[in-house]
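The following exercises work through one structure, each with a solution set out in steps.

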Amino acid sequence: MTTPDTALIVIDMQRDFCPGGALAVERGDDIVPGINALMAEFDTVILTQDWHPAGHSSFASSHDGKAPFDTVQMPYGTQVLWPDHCVQGGHGAGFHPDLTVDRAAMILRKGMNPAIDSYSAFFENDQSTVTGLEGYLRARGITRLVFVGLATDFCVAWSAMDAARLGFEATVRLDLCRAIDLDGSLDAAITNMRDAGVHISQG
Ligand code: VGL
Ligand code: ZN
């Protein structure tokens with residue numbers, strides 16, 4: 001067991017991010033057994049779930065003439081447009097069927113605001129609207145966080161960087177993450193995470 005001041009945060013281990021899903025991450029399902037095993041070492045396990053309303057503004061289908069992986073300017077900055085994915089209540093939004101969910105103290109849903117995407121578990125992509133996770137962790141005396149899940153270069157990286165900026169000791173277990181890797185986004189994310197003070201571990 002790790003000490004009670006440490007939590008495991010499992011990012012977006014959902015059907016749509018695994019092979020066969022709408023926004024499949026290559027070998028995204030490989031990491032399920034390792035994540036399940038790691039949960040046993042933590043007193044506190046938190047799962048996040050990407051949970052978009054139909055017609056979400058991060059979907060390419062919501063923008064005339066745009067295709068998945070194009071970008072648009074939103075009031076909060078540049079946004080990558082994605083295939084429709086993780087629609088609230090849909091099959092693809094469910095957790096991978098082999099993921100252990102019983103150990104989760106909290107399931108945090110994000111990306112529910114139709115006008116703002118939310119990669120990070122702490123802030124929406126405007127980087128100011130909070131999810132409430134910081135308060136939950138602080139109220140429980142948690143100061144150290146270990147991140148695993150999907151995708152390394154988007155939701156894992158943004159969550160870990162916000163955690164470090166908020167003063168948590170943040171570690172990403174790269175061996176238990178998989179990346180989308182759009183135009184070098186994985187290398188950029190690793191550099192950005194290191195610059196933000198995130199510990200990168202290979203396990
Ligand atoms: C994610 C793109 C869109 C992720 C979520 O979980 O990394 N990426 N929505
Ligand atoms: Zn999403």
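**Exercise 1. Determine the strand order of the open sheet and identify its edge strands.**

Step 1. The open sheet has 6 strands, in the order β5-β2-β1-β6-β7-β8, and their pairing is parallel. Strands (E, at least two residues) and helices (H or I, at least four residues) are DSSP runs, numbered from the N terminus. Two strands count as paired if DSSP finds at least two bridges between them.

Step 2. β5 (104-110) and β8 (199-201) each pair on one side only, and they are the edge strands.

Step 3. From one strand to the next, the twist averages 25°; the angle, on a scale from 0 to 180 degrees, is taken between N-to-C directions of axes fitted to C-alpha atoms.

Step 4. Within this sheet, β1 (residues 6-11) and β6 (residues 144-150) are joined in the parallel sense over 6 bridges. V10 has V148 of β6 opposite it.

**Exercise 2. State how far the model may be trusted and how its parts are numbered.**

Step 1. This is a predicted model, in which local features need pLDDT of at least 70 and side-chain atom pairs count only at pLDDT 80 or more, while totals for chains, interfaces and linings use all residues. Residues are numbered from 1 along each chain as its sequence is written, and chains are lettered from A and ligands numbered from 1 in the order in which they are written.

Step 2. The average pLDDT of the chain (the predictor's confidence in each residue, from 0 to 100) is 97, and 100% of the residues score at least 70. For the complex, the predictor gives an ipTM of 0.98 and a pTM of 0.98.

**Exercise 3. Describe the pairing of β3 with β4.**

Step 1. Strands β3 (residues 71-74) and β4 (residues 77-80) run antiparallel and are joined by 4 bridges.

Step 2. V72 has Q79 in β4 as its bridge partner.

**Exercise 4. Follow the chain from β6 through α3, then list the residues around ligand 1.**

Step 1. L150 and A151 are joined by a cis peptide bond with omega of about -15°. A151 belongs to the loop between β6 and α3.

Step 2. Helix α3 (residues 152-165) is largely enclosed by the rest of the structure, because 13 of its 14 residues are buried. Just after α3, G167 takes a positive phi of about 100°.

Step 3. Around ligand 1 (C-beta atom, placed from the backbone, within 6 Å of it) are D12, F17, D50, W82, Y119, L150, A151, F154 and C155.

Step 4. This shell divides into 7 nonpolar, no polar and 2 charged residues. Here Ala, Val, Leu, Ile, Met, Phe, Trp, Tyr, Cys and Pro count as nonpolar, Asp, Glu, Lys and Arg as charged, and the others, Gly among them, as polar.

Conventions: Buried ≥ 20, exposed ≤ 12 C-beta atoms within 10 Å, placed from the backbone.
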